[in-house]
Amino acid sequence: MRRLTTDAILISLSLILFLVESLLPPIFLPPGAKFGLANVVSLAALYLLSETDALIILLARIFLSGIFAGSPTVIFFSLSGGLLSLAAMILLKRTGKFSIVGVSAAGGFFHNVGQICAAIFFMSSQKIFFYLPILGTCGIFIGVLISLLSKEIIRRLQVLQNFSE
C-alpha cells in the first residue's frame with residue numbers, strides 16, 4: 001500500500017510540474033525543445049525507488065497529460081521519447097559508471113532521439129534527422145539541469161526519511 005501511495009503522489013507531482021511548465025512563456029529553446037520539469041520526478045524515482053516505479057510514474061504521466069492537454073499524437077511522441085530515455089538511463093545507471101548527471105544527460109539526449117524517430121515515422125521523411133544535433137544538444141543541457149534539481153530533491157527526501165525513522 002505504501003508503494004502505491006508513493007507512486008500516486010509522485011505521479012501527481014509530475015503532472016503538476018507538467019502543467020506548471022505548460023503555463024510558462026516560451027523561452028530561448030529551439031522549436032520542439034522543452035525543459036521537461038516532470039522528468040525530475042521520474043529521475044528521482046529511478047534513484048530513490050525502483051526501475052518499475054520510474055516506469056509506472058513515466059507512463060501514468062504521459063497518458064494522463066496526453067488526455068488532459070494533448071492528443072494521441074502527443075502521447076505517441078511522448079512515449080517514443082520517454083521510453084527510450086528511461087531505457088537508456090536504466091542501462092547507464094546499472095553499469096555503476098555514470099553519475100546521476102551523466103545518466104540524466106544521456107536521458108535528455110535519447111528522449112530527443114525517440115521523438116525524432118517518431119517524427120520520421122509520422123512525416124515519412126528522414127530529413128528530420130538533421131534536426132537531432134540541435135535537439136540533442138538541448139536534451140543534454142536540459143538533462144544536466146534536471147539532474148541537478150533531482151539531486152537536491154533526493155537529498156531532501158533522504159533527510160526527511162532519516163528524520164522520520
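Rings of Phe, Tyr and Trp (its six-membered ring) count as a pair if their centres lie within 6.5 Å, with planes under 30 degrees apart called stacked, over 60 edge-to-face and the rest tilted. By this rule Phe-76, Phe-77, Phe-121 and Phe-122 form one aromatic cluster. The model is predicted: local features need pLDDT of at least 70, side-chain atom pairs count only at pLDDT 80 or more, and totals for chains, interfaces and linings use all residues. Residues are numbered from 1 along each chain as its sequence is written, and side-chain values use heavy atoms, with hydrogens and water left out.

**Aromatic pairs**

- The search of the whole structure finds 6 aromatic pairs.
- One of them, Phe-76 with Phe-121, is tilted, at 5.8 Å centre to centre and 45° between the planes.
- This pair links distant parts of the chain, 45 residues apart: Phe-76 lies in helix α4 (residues 72-95) and Phe-121 in helix α5 (residues 100-123); helices are DSSP runs (H or I, at least four residues) numbered from the N terminus.
- Phe-76 is partly exposed at 32% relative accessible area, whereas Phe-121 is exposed at 59%; buried means under 20%, exposed over 50% and partly exposed in between (1.4 Å probe, protein chains only).
- Phe-109 and Phe-110 are edge-to-face, because their ring centres are 5.4 Å apart and their planes are at 85°.

**Charge over a ring**

- The charged end of Lys-93 sits over the ring of Tyr-47, 5.1 Å from its centre; the criterion is NZ of Lys or CZ of Arg within 6 Å of the ring centre and within 35 degrees of the ring normal.

**Nonpolar core**

- The largest nonpolar core has 36 residues, of which Leu-46, Ile-57, Leu-86, Met-89 and Ile-116 touch the most other members; such a core is a set of buried Ala, Val, Leu, Ile, Met, Phe, Trp, Tyr and Cys residues joined through side-chain atoms within 4.5 Å.
- At least two residues of this core come from each of α1 (2-23), α2 (39-48), α3 (51-69), α4, α5 and α6 (132-164).
- Helix α5 gives the most, with 7 residues.
- Beyond four places in sequence, Ile-57 has contacts (heavy atoms within 4.5 Å) that include Asp-7, Leu-10, Ile-11 and Val-41.

**Gln-115**

- Gln-115 is found in helix α5 and is buried, at 18% relative accessible area.
- A polar atom of the Gln-115 side chain lies 3.3 Å from the backbone oxygen of Phe-77.
- Not counting residues up to four places away in sequence, Gln-115 touches Phe-77, Ser-78 and Gly-81.

Key
Polar contact = N/O pair within 3.5 Å; in protein donor to acceptor, adjacent residues only side chain to side chain.
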